[in-house]
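Please consult the sequence and the structure alongside the text.

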Amino acid sequence: MDFIDYYQVLGLSKTATQDEIKKAYRKLARKLHPDINPNNTDAHKKFQQVNEANEVLSDPEKRKKYDKYGKDWMHSDQFEQQRRQQQQYAGASGGSGYEGFSGGGGEDFSSFFESMFGGAGGGRGRSRSRAGYKGQDINASFDLSLTDAATTHKQTFTVNGKNVRITIPAGVENGQIIKLNGYGGAGANGGPGGDLYITFKIAPHPVFRRQGNDLYSNAETDLYTAVLGGDIMADTLSGKVKLKVKAGTQPGEKLRLKGKGFPVYKKDGEFGDLYISFSIKIPEQLSDREKELFEELKNLSPDHGK
Amino acid sequence: MENKNLIPALVICREHNVEINFVKLLHENELLVLVKENEEYFLEEEQLPHFEHLIRLHVELEVNVPGIEVIENLLEQHELDHARIVALKNRLSFFENED
């Protein structure tokens, strides 16, 4: 657990006035607020720090404790004891700072904050506390293989200790985000749960490359089949198929297998196409007889001598 | 009419400490869909997260309705650009993985 310099988070000096704190906080909140930074986890994290810094520095009592024990937060219990003794004589005093932002999510405080001030919010009153707020949105990523992404299947995730079972439809894209309503953080004051955003990461496949719903692969054929034509076996997502190679097939020439590509997302029975590019293996070590025959072919070729 | 859970706009205004006029303004500017029945406004339950998002922009960031409209348009554009970036990254990775 590391010490957090709340003054640095807000870009202020230790002598900053309440007005300066408020101004710095509002400026940063307008930049980093999660409602205007969707899909930006970096901004979300920074906003939580800014919120936490404001929570401490805008409350005179917390600020006093932080200024005195910030770096030595391990000893802050002594401060608490002293404070309680003082309160016995002077009576309890409430915080007079302004309220913070909810940021569209449950307030998430660092372990440094919780160690110094206790749980979220530190017991400070908020004027909007009656309102039920939606829980924090959670972003998660899920790795799957290309073949997994090609079939509709059920998957169980554990999020916040809860098991979430979802159906991943065939055809999901790399980088695609699905939203599960209510599976994020718990809401505050009876508010609804936040949402869970899952980003799918599909690993490259050793045989197939995907572009949209189409798949691309390579098939190697020997020189003789490319020249004379014949059959070869090629991979598709659903298994091997026999391909007819026409006589005179050129290197890089493509063959389209209609409907043998990737399943179309949420469209049952619809598939993209598979494009197979031919590579031609040129024989490297020829016997004397083979060389002789190739020489003969060369001499027969109409291009010979041009 | 489809039977959806409706929440009286006045109730959610009270819960969130906002004026009913603000909610009506959101509705007039097509930022929020309200249902009007017997001169009273209601919000469909499924609109609640969106409504709370608009409330946060207004209350926490002190943005007025025209400002919210600008933000919503920019966020929409941002979503489209984000989807476009994902598609372009996938295309790029397709060519990068080409032998």
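A residue counts as buried when its relative accessible area is under 20%, as exposed when that value is over 50%, and as partly exposed in between. The model is predicted. Over all chains, a search of the whole structure finds 8 aromatic pairs.

**A pair within chain A**

- A:Y6 and A:Y66 form a tilted aromatic pair, with 4.8 Å centre to centre and 35° between the planes.
- This pair links distant parts of the chain, since A:Y6 belongs to helix α1 (residues 6-10) of chain A and A:Y66 to helix α4 (residues 60-69) of chain A, 60 residues apart.
- A:Y6 counts as buried because its relative accessibility is 0%, a value under the 20% cut-off.
- A:Y66 also counts as buried, because its relative accessibility is 4%.

**A pair between chains A and B**

- A:Y216 and B:F94 form an edge-to-face aromatic pair, with 4.8 Å centre to centre and 70° between the planes.
- The pair crosses between chains: A:Y216 lies in strand β7 (residues 214-222) of chain A, and B:F94 in helix α4 (residues 65-96) of chain B.
- A:Y216 and B:F94 are both buried.

**A charge over a ring**

- The ring of B:F94 also has the charged end of A:R209 over it, 4.5 Å from the ring centre.

**A cluster of rings**

- A:F3, A:Y6, A:Y7 and A:Y66 are linked into a cluster by ring pairs.

Technical notes:
Residues are numbered from 1 along each chain as its sequence is written. Chains are lettered from A and ligands numbered from 1 in the order in which they are written. This is a predicted model: local features need pLDDT of at least 70, side-chain atom pairs count only at pLDDT 80 or more; totals for chains, interfaces and linings use all residues. Side-chain values use heavy atoms; hydrogens and water are left out. Rings of Phe, Tyr and Trp (its six-membered ring) pair if their centres lie within 6.5 Å; planes under 30 degrees apart count as stacked, over 60 as edge-to-face and the rest as tilted. Helices (H or I, at least four residues) and strands (E, at least two) are DSSP runs, numbered from the N terminus. Buried means under 20% relative accessible area, exposed over 50%, partly exposed in between (1.4 Å probe, protein chains only). A charge sits over a ring if NZ of Lys or CZ of Arg is within 6 Å of the ring centre and within 35 degrees of the ring normal.
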